[in-house]
Amino acid sequence: KDSGGAAKCSSCPEQNPQSVPGSTAVGDCVAAVFTITFSARVLMSRAEFEAEATSAAYISGVATALGVAETSVSIVSVVEQSTGRRRKLLLTSVVVETSVIVSARLAGAVAGRITTDNLN
């Protein structure tokens with residue numbers, strides 16, 4: 001950290017040119033990063049989900065559940081779906097396509113945490 005308390009960034013060396021989003025140390029530089037993509041169904045409308053607080057809470061929750069930084073998680077797309085139920089009631093949900101960027105070293109462990117139980 002610099003004298004003002006802000007994180008200092010270091011450039012990655014040529015042999016390991018990439019780092020996971022949010023990292024600041026040379027030790028975080030890796031030769032390869034992986035993008036893991038998955039879809040999750042959330043029971044709310046697209047407008048409700050896209051409210052800033054809701055989408056931010058989703059990203060925070062996914063990051064916590066997967067053990068990664070929030071800056072590693074991004075929402076790729078949000079698609080609203082309505083399904084008919086008895087007596088013509090509609091159940092509205094969104095399918096949220098989500099991507100997570102991780103180092104090659106962590107990819108298997110993070111992918112293993114993408115379960116319904118862990119994300120709920």
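Select E50 to begin: with 43% relative accessibility, E50 counts as partly exposed, a term for residues between buried (under 20% relative accessible area) and exposed (over 50%), using a 1.4 Å probe and protein chains only. This is a predicted model, in which local features need pLDDT of at least 70, side-chain atom pairs count only at pLDDT 80 or more, and totals for chains, interfaces and linings use all residues. Residues are numbered from 1 along each chain as its sequence is written, and side-chain values use heavy atoms, with hydrogens and water left out.

The side chains of R46 and E50 form a salt bridge at 2.9 Å, N to O, the term requiring a side-chain nitrogen of Lys or Arg within 4 Å of a carboxyl oxygen of Asp or Glu. A search of the whole structure finds one salt bridge. Both residues belong to helix α1 (residues 46-50), four residues apart, or about one turn of the helix; helices are DSSP runs of H or I with at least four residues, and strands are runs of E with at least two, numbered from the N terminus.

Now select α2, residues 52-66, where the buried residues are S55, Y58, I59, V62, A63, A65 and L66. Just after α2, G67 has a positive phi of about 75°.

Finally, show V100, which touches F34, T35, I36, F38, L66, V68, S72, V73 and V110, leaving aside residues up to four places away in sequence; contact here means heavy atoms within 4.5 Å.
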